[in-house]
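Trainee: Could you walk me through how to read a structure like this one, feature by feature?

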Amino acid sequence: MSPATILEVNRRAELVYGYPAADLVGMPASDLVPEDARPLALTIVGRVQQGETVTAEATHQRRDGTRFPVRVIAAPDPTEDGHMIVTVEDITAERQRRSEAEAIASERLRIAQEIHDGVAQNLAAVRFKSAL
């Protein structure tokens, strides 16, 4: 399998990755993927080569080396055999919202357990004592 190269780039890709379009075009796509995330990228490429459309969350890397979460949607190019069309969306803000929502849900669960284990037990004890 030959390494995939970037053939077309939009302005948003320049902003997200920090490279000018002239540098991105012709660049091996693997240069945008950190070493530890490459097995997933290869799996996506293999599945697209088998004709699948794949959606996955992964990690990519900017020119300055910073990593960021992305949603990758990859599909075979219907007009060019052996090529694929890949859309990459920076999901940093979405991940942050998810993380905040999970923290809120966790705190709600903790409070519910505290009420159940503390206040509810104390109220039950008071009820039994008053019944006596």
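What follows is a conversation that goes from the chain as a whole to single residues.

Trainee: Where should I begin?
Mentor: Begin with confidence, as this is a predicted model. The chain averages a pLDDT of 86, and 96% of the residues score at least 70.

Trainee: Which elements have the lowest and the highest mean pLDDT?
Mentor: Helix α4, residues 92–131, has the lowest, at 77, while strand β1, residues 54–61, has the highest, at 95. As a general idea, where pLDDT is low, the predicted coordinates should not be read in detail.

Trainee: How many helices and strands are there in the chain?
Mentor: There are 4 helices and 3 strands. Reading from the N terminus, their order is α-α-α-β-β-β-α.

Trainee: And what does the radius of gyration say about the chain?
Mentor: The idea is to set the value beside what a globule rule gives for the chain length. Here the radius of gyration is 25 Å, well over the 14 Å from the rule for 132 residues, so the chain is more spread out than a compact globule. You can look at the box as well: along the principal axes, the C-alpha atoms fill roughly 85 × 35 × 25 Å.

Trainee: What share of the residues is buried?
Mentor: Of the 132 residues, 21% count as buried. The chain exposes about 9,400 Å², and carbon and sulfur atoms supply 55% of that area.

Trainee: How do I read the contacts by sequence separation?
Mentor: Take the pairs at least 6 apart in sequence, then ask what share joins residues at least 24 apart; in this chain that share is 33%.

Trainee: Which residues have the most contacts inside the largest nonpolar core?
Mentor: That core has 17 residues, and those with the most contacts inside it are Y17, Y19, L24, M27, L32 and I44. At least two core residues come from each of α1 (11–17), α3 (38–49), β1 and β2 (67–76). Strand β2 gives the most, with 4 residues.

Trainee: What does L24 touch?
Mentor: Leaving aside neighbours within four places in sequence, L24 is in contact with I6, V9, A13, E14, Y19 and L32.

Trainee: Let me pick up E14 from that list. Is E14 buried or exposed?
Mentor: The cut-off for buried is under 20% relative accessible area. E14 has 19%, so it counts as buried. This residue sits in helix α1, and beyond four places in sequence its contacts are V9, Y19, P20, A21 and L24.

Trainee: Now for strand β1. Why does H60 count as buried?
Mentor: Because its relative accessibility is 9%. H60 lies in strand β1, and a polar contact of 2.5 Å joins its side chain to that of Y17. Apart from neighbours within four places, the contacts of H60 include Y17, L32, P34, F68 and V88.

Trainee: And Q61, what is its class?
Mentor: Q61 is also in strand β1, but at 23% relative accessibility it counts as partly exposed. Not counting residues up to four places away, Q61 touches Y17, L32, P34, T66, R67 and F68.

Trainee: How should I read a distance between two C-alpha atoms?
Mentor: Read it together with the separation along the chain. Q61 and P76 are 15 residues apart along the chain, and their C-alpha atoms are separated by 24 Å.

Technical notes
Residues numbered from 1 in each chain as written. Predicted model: local features only at pLDDT ≥ 70, side-chain atom pairs only at ≥ 80, totals over all residues. Heavy atoms only, no water. pLDDT = per-residue confidence, 0-100. Buried < 20%, exposed > 50% of the residue type's maximum accessible area, 1.4 Å probe, protein only. Polar contact = N/O pair within 3.5 Å; in protein donor to acceptor, adjacent residues only side chain to side chain. Contact = heavy atoms within 4.5 Å. Core = buried A, V, L, I, M, F, W, Y, C linked by side-chain atoms within 4.5 Å. Rg over C-alpha atoms; globule rule 2.2 N^0.38 Å. Areas by Shrake-Rupley, 256 points an atom, 1.4 Å probe, with all protein chains shown as cover.
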